[in-house]
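The sequence and structure come first.

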Amino acid sequence: MMEVEGSMNRAPDQSSFLRSRRSKALYQFKQQKLPACKPVLTPISVITVFMLMGFVFIPIGLITLRASRDAIEIIDRYDVECIPEEYRTNKLSYITDSSIPKNCTRYLKVQKYMKAPIFIYYQLDNYYQNHRRYVKSRSDQQLLHGLEYSHTSSCEPEESSNGLPIVPCGLIAWSMFNDTFTFSRERTKLKVSRNNIAWKSDREQKFGKNVYPVNFQNGTLIGGAKLDPKIPLSDQEDFIVWMRAAALLSFRKLYGRIEEDLEPGSVVEVNLMNNYNTYSFSGQKKLILSTSNWLGGRNDFLGITYLVVGSSSIVISIIFMLLHLKNPRPYGDNSWNKKSLAS
């Protein structure tokens with residue numbers, strides 16, 4: 001009996017102790033008296049930090065820039081050269097006239113050895129895929145569920161055709177890129193793979209496996225490419241690549257991969273169909289062949305950024321060092337505070 005009473009007495013004592021601990025911690029938090037690390041920035045420590053940043057960032061930038069330059073690229077702008085001479089002064093009439101053949105042949109000379117896989121990109125310049133109305137003109141739910149999702153007002157003005165719903169709807173889908181390319185070397189067709197060019201997450205999570213194109217590009221105003229109504233959207237990877245809108249006015253999108261090595265001095269013959277209309281808004285079209293390495297494709301931005309940040313850090317550290325040597329201030333001097341109070 002006495003043991004039970006003792007345990008009952010200890011329980012209130014323990015709870016009151018916990019309450020006092022909590023109230024004390026809450027008081028310290030409100031009064032900002034909790035233990036904290038308060039580093040003091042002295043001139044020497046600031047100069048040292050900036051100097052270390054420079055010594056670390058500059059080598060990383062040089063290595064990154066060297067790796068980027070190791071990636072080999074062949075860039076060919078074809079939107080002007082693939083216009084017949086008689087239509088050079090009126091390119092728009094050429095691209096909009098379906099009776100004029102749009103086939104064109106380009107020759108790309110390989111300057112350095114290019115190891116497979118060689119990535120094929122098309123690049124569009126002065127093309128604003130980031131325009132607010134253009135970006136909003138789509139329905140992600142319809143791309144995933146098809147006709148089961150009927151709330152597609154965001155797709156205007158490409159929401160319906162002759163009163164029937166369009167799948168996929170919206171301006172992004174309607175304006176899909178439709179130039180085509182075939183590649184050969186010494187009259188032998190190169191092996192080009194067009195599988196797995198889209199992100200796996202897009203194929204599996206954003207485009208329905210049982211969603212098929214319906215009433216697409218059959219209205220009075222035709223945009224870009226057409227889609228096979230017998231193939232689900234999740235398997236039409238050209239379309240999936242195009243639907244990932246670019247953030248800048250100049251962008252590249254993956255077209256495929258050449259699965260053969262290209263030797264220096266060899267010439268790649270490209271037979272293309274110049275179908276896509278970039279002439280109405282002074283856009284440009286380019287074909288790019290590129291290799292990759294551990295850093296990816298050729299992109300100097302990251303390396304240049306590291307070099308700029310590292311160089312700036314060293315310059316700042318030198319400026320701070322000169323200022324500190326010229327006008328040293330002893331540690332703990334609060335004369336600046338007195339001057340501000342006096343003023």
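Strands β6 and β10 run antiparallel and are joined by six bridges. Two strands count as paired if DSSP finds at least two bridges between them. Strands are DSSP runs of E with at least two residues, helices are runs of H or I with at least four residues, and both are numbered from the N terminus. Within this pairing, Thr182 has Asn271 in β10 as its bridge partner.

This is a predicted model: local features need pLDDT of at least 70, side-chain atom pairs count only at pLDDT 80 or more, and totals for chains, interfaces and linings use all residues. Residues are numbered from 1 along each chain as its sequence is written, and side-chain values use heavy atoms, with hydrogens and water left out.

**The four-stranded sheet**

Strands β6 and β10 belong to an open sheet of four strands, ordered β2-β10-β6-β7, with antiparallel pairing. Its edges are β2 (103-109) and β7 (188-189), each pairing on one side only. On one flank, β2 runs antiparallel to β10 (residues 267-273), with seven bridges between them. Here Arg106 faces Val270 in β10.

On the other flank, two bridges join β6 to β7, again antiparallel. Ser184 has Lys189 in β7 as its bridge partner. The two strands β6 and β7 form a hairpin with two residues between them. Glu186 is a residue other than glycine, and its loop links β6 (180-185) to β7. Most residues other than glycine have a negative phi, and most peptide bonds are trans.

| Peptide bond | State and omega | Location of the proline |
|---|---|---|
| Ala116 to Pro117 | cis, omega near 0° | Pro117: loop between β2 and β3 (118-125) |
| Val167 to Pro168 | cis, omega about -5° | Pro168: loop between β5 (164-165) and α6 (171-174) |

**The five-stranded sheet**

A further open sheet has five strands in the order β1-β11-β3-β9-β8, with antiparallel pairing. The edge strands are β1 (73-77) and β8 (192-193); each pairs on one side only. Inside the sheet, β3 and β9 (residues 251-258) run antiparallel and share seven bridges. Tyr121 stands opposite Leu254 in β9. Strands of a sheet pair through backbone hydrogen bonds, either parallel or antiparallel.

**The domain interface**

The domain assignment gives domain 1 (41-71 + 297-324) and domain 2 (72-291). Such bounds come from an automatic or database assignment. The C-alpha centres of domain 1 and domain 2 lie 39 Å apart. Four residues from domain 1 and four residues from domain 2 make the contact, which means heavy atoms within 4.5 Å.

How much area is buried between domain 1 and domain 2? The value is about 280 Å², of which carbon and sulfur atoms give 44%. Buried area is the accessible area (1.4 Å probe) that two parts lose on being put together, summed over both.

By class, the side of domain 1 that touches domain 2 has one nonpolar, one polar and two charged residues. In this scheme Ala, Val, Leu, Ile, Met, Phe, Trp, Tyr, Cys and Pro are nonpolar, Asp, Glu, Lys and Arg are charged, and the others, Gly among them, are polar.
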